[in-house]
2 protein chains.
Amino acid sequence: MTDPNTARLDAQIAFLKEADKLKSVLRASKLIDGTRHENSAEHSWHIMLYTLVLADQAGPGVSIDRVIRMLLLHDLVEIDAGDAPIHGSVDHAAMAIKEAAAARRLFGMLPEDQGADFLALWQEFEAAESPDAQFAKAIDRVQTPVLNLETDGGSWIDYNVTLEQLDLRVGKPIHRGAPGLWAWLRPKIAAFFASRAA
Amino acid sequence: MTDPNTARLDAQIAFLKEADKLKSVLRASKLIDGTRHENSAEHSWHIMLYTLVLADQAGPGVSIDRVIRMLLLHDLVEIDAGDAPIHGSVDHAAMAIKEAAAARRLFGMLPEDQGADFLALWQEFEAAESPDAQFAKAIDRVQTPVLNLETDGGSWIDYNVTLEQLDLRVGKPIHRGAPGLWAWLRPKIAAFFASRAA
């Protein structure tokens with residue numbers, strides 16, 4: 001008979017091995033040095049670092065540690081569902097169904113209590129209604145513009161993105177969760193697009 | 001004149017852009033599917049996930065959120081100092097000096113209050129004396145054995161590692177910070193080495 005600690009660890013380690021696959025999910029964006037596309041595991045690490053560094057941009061009532069936990073888990077569903085580029089043409093309803101199924105499968109590998117906790121945290125992130133989730137979503141949106149400004153437009157050029165589209169898809173969630181950050185970033189983005197039009 | 005929020009954000013974003021380089025620091029170990037070497041950014045993400053999943057292996061007084069913050073920062077020094085493979089022949093004193101200089105340079109890019117906080121957390125991790133740091137060190141050591149067991153020995157074979165060396169370099173820190181985890185892992189490692197000797 002397997003003792004309960006062993007059975008629990010067997011399930012947890014199986015989940016952690018499965019999670020390794022997130023290192024092979026590629027995003028539309030590249031590293032700052034342009035050498036290759038970024039994967040979703042290293043992206044997750046980077047935006048958790050953004051969260052810790054930019055913690056004082058969060059509104060009252062935001063728990064930075066809960067936001068970090070959310071961002072640690074938020075992209076795992078891409079192991080089954082893939083990454084949906086924010087500026088690509090994506091069927092969002094179909095994608096939401098695929099991601100929900102992925103969350104059930106992946107978090108379902110864990111001991112029941114833990115799987116339920118992780119699923120609830122991921123659902124809170126996706127719903128983007130709580131202050132923690134809104135800050136997490138803002139941070140998740142801010143890394144790519146910082147990168148694109150550094151790399152002559154990066155994925156904005158690849159996807160023919162306009163400033164109006166950016167205001168809607170990127171500006172809106174950043175402004176909602178971290179208005180000071182958007183106030184800092186928006187003029188830089190506007191200057192970039194003005195220089196391209198000139 | 002630059003307002004204080006702008007100056008603070010300028011410094012913070014410069015640090016976050018510099019941190020992108022951790023995605024290009026390669027480790028001795030490979031992905032579970034064997035397709036390429038793992039980098040230190042995605043490794044950091046993975047062991048933070050290990051920490052959250054294996055939280056109930058931590059002793060009393062361990063703050064999981066502080067451990068996650070430690071592991072988020074712990075490898076950044078490799079941007080300047082490179083990764084020192086645990087089983088490679090490394091001059092540990094020289095490495096410690098290089099890493100300390102790297103920590104001063106990198107965390108020195110941040111606003112002073114924040115840079116000092118991050119440096120203190122990194123130093124606490126390196127000292128491996130507090131319960132949080134000892135759990136962080138245990139988790140940092142556990143991912144590679146799990147991976148190597150999955151991949152016919154992986155970096156153990158590349159570096160000709162013996163079970164005795166593993167007990168010292170890997171077993172000791174895991175047992176100290178997460179004894180239940182070592183009790184689960186040690187028989188699997190011993191069985192692997194026994195099968196190789198047979």
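Reply: Rings of Phe, Tyr and Trp count as a pair if their centres lie within 6.5 Å, with planes under 30 degrees apart called stacked, over 60 edge-to-face and the rest tilted. By that rule, F15(A), F107(A) and F118(A) make up one aromatic cluster. The model is a predicted one, and a search through the whole of it returns 12 aromatic pairs over all chains.

F15(A) belongs to helix α1 (residues 4–19) of chain A, whereas F107(A) belongs to helix α5 (residues 92–107) of chain A, so the pair ties together parts that are 92 residues apart in sequence. Both F15(A) and F107(A) are buried.

A pair in chain B has another geometry: the ring centres of F192(B) and F193(B) are 5.4 Å apart and their planes stand at 90°, so this pair is edge-to-face. F192(B) is buried, its relative accessible area being 14%. F193(B), with a relative accessible area of 17%, is buried as well.

Aromatic rings also meet charged side chains here. K137(A) lies over the face of F125(A), 4.2 Å from the ring centre. In chain B, the charged end of K137(B) is placed over the ring of F125(B), at 4.2 Å from its centre.

The wider setting is the relation of the two chains. Chain A is superposed on chain B by a rotation of 180° with 0.0 Å of shift along its axis, and the RMSD is 0.0 Å. This is the relation of a two-fold axis. Among the C-alpha atoms of chain A, that of E42(A) is nearest the axis, at 2.1 Å from it.

Where the chains meet, 51 residues of chain A contact 51 residues of chain B. Of the interface residues of chain A, 100% are also interface residues in chain B, so the copies meet through the same surface. Between them, chain A and chain B bury about 4600 Å², of which 65% is on carbon and sulfur atoms. Charged side chains take part too, with nine salt bridges found across the interface of chain A and chain B. R69(B) and D65(A) also join their side chains in a salt bridge, with an N to O distance of 2.8 Å.

How values were computed
Residues numbered from 1 in each chain as written. Chains lettered and ligands numbered in written order. Predicted model: local features only at pLDDT ≥ 70, side-chain atom pairs only at ≥ 80, totals over all residues. Heavy atoms only, no water. Least-squares fit on C-alpha atoms with pLDDT ≥ 70 in both. Contact = heavy atoms within 4.5 Å. Phe/Tyr/Trp six-rings, centres within 6.5 Å; stacked < 30°, edge-to-face > 60°. Helix = DSSP H or I, 4+ residues; strand = E, 2+ residues; numbered from the N terminus. Buried < 20%, exposed > 50% of the residue type's maximum accessible area, 1.4 Å probe, protein only. Lys NZ or Arg CZ within 6 Å of the ring centre and 35° of its normal. Buried area = accessible area lost by both parts, 1.4 Å probe. Salt bridge = Lys/Arg side-chain N within 4 Å of Asp/Glu carboxyl O.
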